[in-house]
Each structure stands twice: as structure tokens, then as C-alpha cells.
Amino acid sequence: ALERAVNNLNELSARVLTISVGGSVRRIALSSIISVESRSRKAHINCGDEIIEVYSTISQLAKQLGGDFVCCHKSFLANMSRVKSMERGYFLMDSGEKVPISQKKRAKTKEIFLNYIGEML
């Protein structure tokens with residue numbers, strides 16, 4: 001189980017998100033992304049040490065990011081590999097950030113989170 005978890009972490013660190021930012025193309029390691037927030041037609045990709053703004057929707061980014069990210073709120077995606085704990089109304093991330101979980105999506109988000117933890121064990 002430990003070997004499988006290490007392999008999963010290695011695969012995650014090798015995967016990247018390629019986006020266009022201000023006329024240039026950037027590659028961002030998925031493992032560095034904590035969360036994504038949608039505000040005013042822009043997506044704000046939180047990488048801890050920097051916030052990258054791109055013109056994109058949450059649904060477009062969710063497709064690109066894949067199964068390690070959960071849409072826990074209409075305006076937020078959370079990186080499941082960076083979740084420290086799931087509280088009643090939010091994820092506590094390993095960075096200390098709180099990513100909200102909407103009441104509407106709480107049950108489905110909890111199910112996804114528990115399945116994710118089960119796969120990691």
C-alpha cells in the first residue's frame with residue numbers, strides 16, 4: 001500500500017497543466033496547485049507562492065486537471081492530494097488555506113474525498 005501511494009505521488013508530480021497566460025504558455029505541475037477559484041471571468045490558480053490568473057471557467061479547468069481535483073463549490077476546485085482534512089463546510093489544505101464546500105455539494109464531495117483516501121491506502 002505504501003509503495004502504491006508513493007507511485008501515485010510520483011505520477012502526480014510528473015503531470016502538468018499547460019495554460020496560456022498573457023501571451024506566453026506556462027506549464028504548472030499539478031502537485032503545486034492547491035486550489036482554483038473562479039472570480040469575474042477569471043480563474044485564479046493558487047500555487048501557494050503565487051496566484052496565476054487565466055481566462056477560463058472552472059468546468060474547463062476541471063476537465064484539464066483530472067480526477068485529483070474536486071469541484072467542491074460552484075467557484076472552487078480543490079486538489080485532493082493537498083487536502084489535510086475535510087471539515088463541515090470546507091477543506092483544510094496542507095498550506096493552511098480553507099477551501100469552501102457548498103452545502104449543495106457536501107454529500108458528493110465527502111463521497112469523492114473518502115474514495116480518494118481509500119485509493120491512497
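This briefing describes the cores, pairings and individual residues of one structure.

The model is predicted: local features need pLDDT of at least 70, side-chain atom pairs count only at pLDDT 80 or more, and totals for chains, interfaces and linings use all residues. Residues are numbered from 1 along each chain as its sequence is written, and side-chain values use heavy atoms, with hydrogens and water left out. Helices (H or I, at least four residues) and strands (E, at least two) are DSSP runs, numbered from the N terminus. Buried denotes under 20% relative accessible area, exposed over 50%, and partly exposed the range in between, with a 1.4 Å probe and protein chains only.

**Nonpolar cores**

- A nonpolar core is a set of buried Ala, Val, Leu, Ile, Met, Phe, Trp, Tyr and Cys residues joined through side-chain atoms within 4.5 Å.
- The largest nonpolar core has 17 residues, of which Ile-33, Val-36, Ile-45 and Leu-65 touch the most other members.
- Two or more residues of this core come from each of β1 (16–21), β4 (42–46), β5 (51–54) and α2 (58–65).
- A second, separate core comprises 13 residues, including Cys-72, Ala-78, Phe-91 and Val-99.
- In soluble globular proteins, nonpolar side chains tend to be buried together.
- Contact means heavy atoms within 4.5 Å. When residues up to four places away in sequence are not counted, Ile-33 touches Leu-17, Ile-28, Ile-45, Asn-46, Cys-47, Leu-65, Phe-69, Asn-79 and Arg-82.

**Aromatic pair**

- Rings of Phe, Tyr and Trp (its six-membered ring) pair if their centres lie within 6.5 Å; planes under 30 degrees apart count as stacked, over 60 as edge-to-face and the rest as tilted.
- The structure holds 1 aromatic pair. Phe-91 and Phe-113 form this tilted pair, with 5.6 Å centre to centre and 55° between the planes.
- Because Phe-91 belongs to strand β9 (residues 90–93) and Phe-113 to helix α3 (residues 106–120), the pair ties together parts that are 22 residues apart in sequence.
- Phe-91 and Phe-113 are both buried.

**Salt bridges**

- A salt bridge is a side-chain nitrogen of Lys or Arg within 4 Å of a carboxyl oxygen of Asp or Glu. The whole structure contains 6 salt bridges.
- Lys-42 forms one of them with Glu-53, and the closest N and O atoms are 3.1 Å apart. This pair links distant parts of the chain, with Lys-42 in strand β4 and Glu-53 in strand β5, 11 residues apart.
- Lys-42 is partly exposed at 23% relative accessibility, and Glu-53 is partly exposed with a relative accessible area of 40%.
- Arg-82 forms a salt bridge with Asp-94, the closest N and O atoms being 2.8 Å apart. Arg-82 lies in the loop between β7 and β8 and Asp-94 in the loop between β9 and β10 (98–100), so this pair ties together parts that are 12 residues apart in sequence.
- Arg-82 is buried, with a relative accessible area of 17%, whereas Asp-94 is partly exposed at 44%.
- Apart from neighbours within four places in sequence, Arg-82 is in contact with Ser-31, Ser-32, Ile-33, Ile-34, Met-93 and Asp-94.
- Glu-111 and Lys-108 meet through their side chains in a salt bridge (3.8 Å, N to O). Both residues lie in helix α3, 3 residues apart, about one turn of the helix.

**Cysteines**

- A disulfide is a pair of cysteine sulfur atoms within 2.5 Å; a search of the whole structure finds 0 disulfides.
- For Cys-47, the nearest cysteine sulfur is that of Cys-72, 16 Å away. Cys-47 is buried, with a relative accessible area of 12%.
- For Cys-72, the nearest cysteine sulfur is that of Cys-71, 6.7 Å away. Cys-72 is buried, with a relative accessible area of 0%.

**Strand pairing and backbone**

- Two strands pair if DSSP finds at least two bridges between them. β8 and β9 pair in the antiparallel sense over 3 bridges, and a hairpin joins these strands through 3 residues.
- Ser-85 stands opposite Leu-92 in β9.
- Ser-40 lies in the loop between β3 (35–39) and β4, and has a positive phi of about 50° although it is not a glycine. Ser-40 is exposed at 71% relative accessibility.
- Arg-41 lies in the loop between β3 and β4; its phi is near 65°, a positive value in a residue other than glycine. Arg-41 is exposed, with a relative accessible area of 69%.
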